[in-house]
Every structure is written in structure tokens, then in C-alpha cells.
Amino acid sequence: MDKAFDFKTAQTRWYSVWEESKAFEAAPKSGKEPWSIVIPPPNITGNLHMGHALVNTLHDVLTRFKRAQGFDALWVPGTDHAGIATQMMVERQLKAEGTDRHQLGRDAFEKRIWDWKEKNQGAIEHQLKRLGCSVDWTRNRFTLDPALNKAVRKVFVESYRAGRIYRGPRMIQWDPALQTALSDLEVKYEERRGKLWHLRYPLADGSGDVVVATTRPETMLGDTAVAVHPDDERYQGMIGKLMNHPLTGRQIPVVADTFVDPAFGTGCVKVTPAHDPNDFAAGQRLKLDSITIIGFDAKMTAAAGAYAGLDRFEARKRVVADLEEQGFLVKVEDYTNKISLSDRSGAVLEPLVSEQWFMDVKDAAAKALDAVNSGAIQFTPEHHTAVWNHWLTNIQDWCISRQLVWGHRIPAWTCDACGELHVEMEAPAACTCGSTKLTQDPDTLDTWFSSALWPFSVFGWPEETEELKRYYPTSVLITGYDILFFWVARMAMAGLTWMGEVPFRKVYFNSLVRDASGQKMSKTKGNVIDPLEVMEEYGTDALRFSLAIMAAPGTDIAMSTARLEASRNFCNKLWNASRFVQMNLDESITLETTPEFGEAEFWMIKEMRDTLTAVTKALEEFRFHEASDLLYHLVWDDFCATYIELAKVQLVSGTAGQKAAILHFLDILLRALHPFVPFLTEEIHEAVIAPRLPDSEPALLALRSWPTDEKDLQITGGDATIIPRFQEVLSAFLRLKAEQGVDPAKRVPAFCSLMELEPFAEALKSIARLESVTFTKDELATATRTVAVVAGGTLALELAGLKDPVAEKAKLEKELAKLEKELEPLRARLADESFVTKAPEAAVAKLRGQAEEKEQRLVQVKALLG
């Protein structure tokens, strides 16, 4: 082994080896129990970010773990076509070239996007390999693949025929920048400081007027009524009367409707059915006219009269100025309002009535709601259930059509001759009227429509494939909680509708990755941490281990260089320990060599057995942080800092059996760590373990079993208290040196009364850097020694020539006073017969132990003071 781990070379080499050996390919005919998971398909719009690194690391940890457990583990990879995001990226390129999609034409523009997709999809797949993802590349899918398109068409056509999909004019959120409708989930709301304009509307009969307040005065050009609450006594005499519109000259009625809040403002509201969702619903109830005065280009239409052609925000200024000039502007107030923005383009959205395709998902939502509440789908963390219930209970029909080129075309054709609509799996040859001229709907489907089918479309549905029968439902879904509605809920609804079964049994919502101070990463803040750069500087294993050890359910991850450095140090620690083992093993020592066990080995076996049992349970319950932390301490504290130090003599001059024990332990640790740090462990395994494997074992660590059933871990024996005592004594020696200001490298004589630790004298000398360790039952306290009390005995350091007698006496007197003060309440408590008889036995024993330890030290201090 090289002196240092060359992670850059290892990362490239090992992934190629794994692929060539088909280590990640599923084995449906293996007879093993299937376990499956699908990748949350990343968009093809760019590089993977730190969130992708986290979710894919957790996927890989779990997949490698289940594969090692003996499951036929399948992780299906793929990418999402990301309709809006992808089209937006390519349109930006065209704009830079001085052209646009309209000049190119639909077919040429679509080809341009396909070319762009091929380039970027390859880049993303390369990055997944850099991360070490053990996906089955033979099953790689893309949401626009022909087979997946067939699934999309089947769902659309059958849903249409069942009445769940329909087309009609409804109020939608329109993105004027991208020129497409959006679903409610693609809208983000932002509070902005604005104005609240109070406008006067006069009654046509001259009997008075009313004042309404609005945050969008330009929309008043489309008003078709003023509404009041039917029980509002202030306006009972006005209901049914006509008003003169302040600017257009039209007469509009005063209407009554319960959607008006009498306590808000004046209790009167303007009704603009074409430009507000609530007004649209009220307009339909009250059979009001709907006048569209803002178009899809966000400019005022001809219906806006003198304001036609103006941008909506410019029109606002003109309308306000004219209202003020004509005496209809009562007052203006500062007001903080929620603005709806496009989640994709950032544009201010315009509520518009538009002919779109919608999907009624209420029945499917009820099934998804029941699936979680019945336990058919289990959430970790569980608190996401409340949000799930709220959203699915209040779900609205889904606007599924998009005015985009890139995506799944809507399988609907209109006859050019008679106008008949045909919704079919394939383009109809002719209309029922006989005409062969039919035009396909130009719109595409919302990206999430195809993503919702992902857990079963990737296995060949709607065909009844063997893979579908074997791997659906998938075992678990790991994804960010930020797409709970976008993706998780829609997959649940689709799976229950089309497969009659949940798409996954469990859902683990991973954390979000933030910067070191807990801030959300963004390019504008300049705090984005690029996983590719991290892998280049610290290594993939260090990145993966950092993400895993911080992935506590329900908390976000604050990524820092300190955390990455700690993980890199951990990797180096394991490398150095493994290298030390390798350097002291000759070729005759193999895993078939019968190991010999002493006290240190029995202790190490117990530590590994207990830890790996806990790690297994933690991984089964998605506590990745706990599993990582347990392995960290098992390797760093137990194996490297304690066991290797104890076994150094055995490695250099021990028997073949003693050396074989160390080899077995390293093998077990590598197998347990492999899901977390695959490149590092595979590299060590090749150098140390592979040449010493039985013929029955796979040469690749990636194909070896999870070690909890290892026969060596079932062995018991020895005194379970010996090594913990050794660790306590070691810590006490190190602490004494630090307290006395002794240079850590300075070797001084040491004494210990725990005779059972005498076999470990060399280890104590080596780790604590002691000149000698004398084991004796004699009194250890002298004027030149510093003494410590440990469980079952005492220990001391000889500091002759290193201590100031005057300062030492002052220090002892201070310690004496402190001990007597601490003992006073302990003695009083233990002298209280009521406490001793009524308190829990464990509490009394703990108190007695504390008192005895302090009494022993008190005797020693008094002796030292003479």
C-alpha cells in the first residue's frame, strides 16, 4: 500500500471495475428476495448540486447495505426531461445566437433540445459515477423514452375516457415570461411592499357611492360588478342597483355574495372575473360577464380601451393617474401583499381564464391519504404526515397542460373539418366525418405527469413484465421534503390508481444541505458548495461520509470545510491502520488461518458485535447519522486508538493465529464501512484482504456480505471489564500529564495498582508516552508524585524535579478543601435513612460510588500533605 490513499485514482479505477464485473446489476433469477428503489430522476438541466449528492449518497448507502445483506438489490437510474427548465435553458442559448424557437420552427427546436439533452445527460451520469452510485446502468431510463411515453399516453387516454381528464376554460396561473400555464404547485409567494388604492364607485341613480380597496387598480378596467355580503346591513338598499364604472362608462351591478368579508376594508369589493380566482368563482355563481383586459403577453387588450397595448404595470400608473384626476381616487395606503411568482422564471404571474387540460385527482388523493394513515406507506420523519393530510384533503384539479414544445405531447387531435376531438393512443387515420385532416393539440404535459408514473413505468408498464411483477412496489423512496406534493403525492396517487398498490412501502425525507452557518445555498449569496469541487479536493469518500454522518432525520445539514476535513482524517486513519496491518502480515496469514483470541480480541469482538447490531438497526430505520457515528467510533476509538495499539506486539512478533485475528477484524470493518466509503474500502480490501480470501469468497468487496452473521462475531469469552479498565487508566495517565503541565512527548515513570493490567504495560507506555509502568500494591502517593483514583485502584506519575514543592502544597490544600466541600452533601444524603430506603437502588449505589472515590482521594491528599 502507498503511504497515502490516492483517492483520485481509486475513484476512477474502481467504478470501472465494478461496472465491468456487473456488480450493480440486478439478478431477477437469483432466487434472492428482491429489494428495489428508484432514483429521483435529476433534471437534465445542469450539474448535480449538493442536495443531489446527499440524496444519492443515502440511496447508495442503503442499496449497498441491502445488497450485502443478500437481497437482489436494484437501484434504477434515470433522468427527467424537465419540460419548463430545459426549454428555458435552450431558449436562452438561441437568444444569445440572435434567434428564437419561433424562427426555428417546432421540429427544429425540438431537435435542438434533444441534442442538448444528449450532452447534459452524459454529464450527469458521469457525476453519479464520480459519487460511486451503485445503480444498474442496464436499466437506465429517461422520462421521454418511447416506453415511458406509451405509459403516459395510456394514463391520459384512459383517464379522459373515464372523465377524470377534461378540457375547458378555467382560471389558471399564467407565466408571461415562459408563455405557459402552471399548476398551483409551481407558484411561489413572496411578500412585497406595495400600495392599497381606495377607489370610489358612484351609483348610477346619483344616490351615493361606495369605496372599494384594491392592490391591482389596473384590473378595475375588467370589473363587472361590486359585491357586498348579503347580511351586511349597510348595503341592503344598494343590492341590485347599478353603478357607473369610474373609467369605462359601463354600468355594473351591486351584487351580494358570501365570499365578501364585511369586516375587511369598507365591506365592498370589486369583482373582476377574468383576473382573480375568487372573482372567477363568484362570477360563475352570479352569472356575471367576464372581460379579459390583460392578455397572455401581460399587456392590456383591446377590451381595456384607451389603455390597450400598455404593459400591465405601466397601465397601473396610467389608471391611478386618471382616477386621481377625475376624483375617483379616495386615498392610497402602504400595504404588504403576497405576490405570486413563477417558480421557474421568477416572473410575476397573471391569473387568466384559459382553455387548458385538467385532471380531477380527488379520488386518487383520497386513496393516497388512506395509504399513509393506514400505514401502507410509512413516513420518516413522521411529522410530514400532517402536511400530507392537509394538502390531499384540500386538493384542487390539476392543470396538466403546458404551452411548451419540450415534453410529452397531449394525445388529442381535432378534426380540421368538423371540429370533433379525438383522444387516442395513436394518431387517428381519419375522423368519423371522413376527413383525414386532423391537428394534434400543440401543448405538452406537465413534467410531473410522467414523473408520477416513474416507479412502475421504469419496469415496463403498461406491459405486464416480469420486472414489474418482481420489483413493484419498490421498497423505499428517499427524496427531499420540498417535493412532497410535486412528486411523492403524485406517485402515490398514480400507483394506487393504475397498479392498485402503493409505489413504495416507506418514504424517507432527507434533509436539505445548507452552508456552514445554516443559510440556504444560492449563487447570489456566493455560498454554493459544489460537490464536484469537494470530491476533487477531499475525495468522494470524505464527502459521502460527511453527508451521511450529518443526515439526522428532520434536521438540515450545515456543510463546512471542518466537517469535510474531519471525514478526510477518518479516511486517512483507516488507511494508515490498514497499511500498518498489511506491513506486518506475511502471505501465509489468510482468512482461513485459525485466529487466536486473548482479552483484547474478546473485547474487540464484543465491541464489533454490539456496534454492528446497532448499525444494522439504524440503517433499517434510516438513521444514517447514527450508523455513521457508530462506525466512526468503532474504527477510530476502538480499533485504531485501542486495539491496534494493544496488538502491535502481536503484529510484529505474535503467532500466526494472533495475526489472523487482526486480519479478520479488519475484514469485518471494511465490509461494514463499504456502503459509506466504497472507494477507500475497496482499495484497502484489494491490498490487504483479497490476496488472503478463501476461494469461495468474491474478490470484490462490493460483492461481499454484510458482516453481522460472521462466525467470529459470535465468539464470547474473556473478562469484559479488562479493556475498559485499560482505557480508563490510559485516559487518566494522559489527563494527569495534561493537568501537571507535562509535555505530552515527555516520558516520565508511572505506577499503577491494577495488577490485572500488567500484560498491557507496553501498550500504556507506547500510547501515553511513559518512561516505564510499574505495577505494585504498595502505596503510590509520595511528595513527588501526582496521583489519580480510578475504578478499582490508583495510579501515579513520578514528577521529581518537575514539580514546585510550594506550588504543589498549595494545590493539594486547594484540592483538600474542594473534596471536603463536595463530600459534605454526599455524606448527609447517605446518612439520611429515609433516602437510602426509598430511593432507587441504582441511584443510591451511584451516590455511594461517588462518595467512596472522593474519600479515597481525600486520604491520599492528606497523606501527601503529611
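The buried residues of helix α7 pack against β5, β12 (268–271) and β14; here buried means under 20% relative accessible area, exposed over 50% and partly exposed in between, with a 1.4 Å probe and protein chains only. The model is predicted, so that local features need pLDDT of at least 70 and side-chain atom pairs count only at pLDDT 80 or more, whereas totals for chains, interfaces and linings use all residues. Residues are numbered from 1 along each chain as its sequence is written, and side-chain values use heavy atoms, with hydrogens and water left out.

Helices (H or I, at least four residues) and strands (E, at least two) are DSSP runs numbered from the N terminus. The buried residues of α7 are Asp279, Phe280, Ala282 and Gly283. Because they cover an arc of only 165 degrees around the axis, they are on the same side of α7; the arc is that of the directions from the helix axis to the C-beta atoms. On the other side of α7, Asn278 and Gln284 are exposed. Just after the helix, Lys287 takes a positive phi of about 55 degrees.

Asp257 lies in the loop between β11 (251–256) and β12. Asp257 is buried, with a relative accessible area of 7%. Beyond its neighbours within four places in sequence, Asp257 is in contact (heavy atoms within 4.5 Å) with Val228, His229, Pro230, Arg285 and Leu286.

The largest nonpolar core has 191 residues, of which Trp388, Leu392, Phe449, Phe624, Phe639, Tyr643 and Phe733 touch the most other members. A nonpolar core is a set of buried Ala, Val, Leu, Ile, Met, Phe, Trp, Tyr and Cys residues joined through side-chain atoms within 4.5 Å. Helix α19 (residues 624–653) gives the most to this core, with 13 residues. A second, separate core of 28 residues includes Met243, Met300, Leu310 and Leu329.
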